[in-house]
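Please keep the sequence and the coordinates at hand while reading.

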Amino acid sequence: AAYLNVHLAGSLMLLDHTEVYNSLLLFAPDGNMWRYDKNYPWGWERGYFRPGYGPGYGPGYGPEYGITVAETDLGRIGMMICWDVGHLDLWRRYAGLIDLMLISSCPPDISNPTYHFPNGDQVTMDQMGPLVAPLKNTGRLVFGDMINEQTAWLGIPAVNTVGCGHIETGIPNGLGSLLSMVPAAPWLIKYLPQARRLRLSCDFVPGCKVVEASGRVLSELRQDEGEAFTLAEVTLADHRPQPKGPQPRSRLSSLTYLTSDLILPLLSIPTYRRGLRRAWGKHMAPVEA
């Protein structure tokens, strides 16, 4: 950041004392640094890190719990990570406090997955029936229209990054996760003996973009462009913008939040605890959920 005279940001898995967080760090050319911890681990992510909690880190921390406002030479920059943008409460906490929103994301398209079983069978969301249908394509809603709408409501520009390519991964507590799907698709019960080795594959959600204060996308990358960057010029208001009218409602269903914020995280917490205990053994302090 100092060498190029730019403000540089990126996220990482951060071990802080005896807990792991998904943290976004913003560095200024003068050496100042701000940290934001992800508030809402999505589903299975809870198996790898815990939710962030106050206080914020670095100069310019906002007055509300769970946000970070970076007082930079560019202006006051708000910070969020990935699934956090699906939560209206976080957007509200930044209202009237910032000049620009910085979002670091790397969202696998979990709303369009293929599940892989050890015997070679594959199951897609389309096969799971009408009860699961409201979850399909929700990732593209979150990182598409929802970011644009909330940006326009705050009256500020926003920058969002995403990953690219294809991912295949194991699932924390595959047995519990498969059991949570059985009420919607009872025929999945035949796969329970294989559930502990359940894997998932999907592409990443598109959404690497720069959005102006009106909510219009100025520049955006397609997934097929691969590892690249996009660039756009934005104008910051002379006076700190205030929200414009009522806050737009979430585009997601209650089922999406129930699954993402409650059911799958609860199933994944034991994985997190086991991982920390293996890492630290008897020298580690007690782990809290």
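Pro118 lies in the loop between strands S7 and S8, where helices (H or I, at least four residues) and strands (E, at least two) are DSSP runs numbered from the N terminus. The model is a predicted one, in which local features need pLDDT of at least 70 and side-chain atom pairs count only at pLDDT 80 or more, while totals for chains, interfaces and linings use all residues. Residues are numbered from 1 along each chain as its sequence is written, and side-chain values use heavy atoms, with hydrogens and water left out.

- Pro118 is partly exposed, with a relative accessible area of 37%, on a scale where buried means under 20% relative accessible area, exposed means over 50% and partly exposed lies in between (1.4 Å probe, protein chains only).
- Leaving aside neighbours within four places in sequence, Pro118 is in contact with Gln194 and Arg197, contact meaning heavy atoms within 4.5 Å.
- Pro118 and Leu131 are 13 residues apart along the chain, and their C-alpha atoms are separated by 26 Å.
- Pro134 is found in the loop between strand S8 (122-124) and helix H2, and with a relative accessible area of 43% Pro134 is partly exposed.
- Not counting residues up to four places away in sequence, Pro134 touches Ser253 and Thr256, and the C-alpha atoms of Pro134 and Leu154, 20 residues apart in sequence, are 28 Å apart in space.

**Overall fold and surface**

- The chain contains 4 helices and 13 strands, and its C-alpha trace spans about 60 × 45 × 35 Å along the principal axes.
- The radius of gyration of the chain is 20 Å, which agrees with the value near 19 Å that a compact globule of 289 residues would have; this radius is taken over C-alpha atoms, and the globule rule is 2.2 Å times the number of residues to the power 0.38.
- Of the contacts in the chain with a separation of 6 or more, 66% are between residues 24 or more positions apart.
- The chain exposes about 14,300 Å², of which carbon and sulfur atoms supply 56%; the areas come from the Shrake-Rupley method with a 1.4 Å probe.
- The mean positions of the 25 positive and 27 negative charges of the chain are 10 Å apart, with Lys and Arg counted as positive, Asp and Glu as negative, and His and the chain ends not counted; the place of a charge is taken as NZ of Lys, CZ of Arg, CG of Asp or CD of Glu.

**Interior**

- Buried residues make up 48% of the 289 residues in the chain.
- The largest nonpolar core has 59 residues, and those with the most contacts inside it are Met80, Tyr94, Met101, Tyr115 and Leu188; such a core is a set of buried Ala, Val, Leu, Ile, Met, Phe, Trp, Tyr and Cys residues joined through side-chain atoms within 4.5 Å.
- Helix H2 (residues 138-154) gives the most to this core, with 6 residues.
- Apart from neighbours within four places in sequence, Met101 has contacts that include Met80, Trp91, Tyr94, Leu154 and Ile156.
- In helix H3 (residues 174-181) the buried residues are Gly174, Gly176, Ser177, Leu178 and Met181, and their cover includes strand S7 (114-116) and helix H4 (254-280).
- Ser219 lies in strand S13 (residues 217-220) and is buried, with a relative accessible area of 15%.
- The contacts of Ser219, leaving aside neighbours within four places in sequence, are Cys208, Lys209, Val210, Thr230, Leu231 and Ala232.

**A partly exposed leucine**

- Leu262 lies in helix H4 and counts as partly exposed at 42% relative accessibility.

**Backbone angles to check**

- Most residues other than glycine have a negative phi.
- His17 is not a glycine, yet has a positive phi of about 60°; His17 lies in the loop between strand S1 (8-16) and strand S2 (19-27), and at 70% relative accessibility His17 counts as exposed.
- Asn173, also not a glycine, has a positive phi of about 50°; Asn173 is found in the loop between strand S10 (166-170) and helix H3, and counts as partly exposed at 30% relative accessibility.
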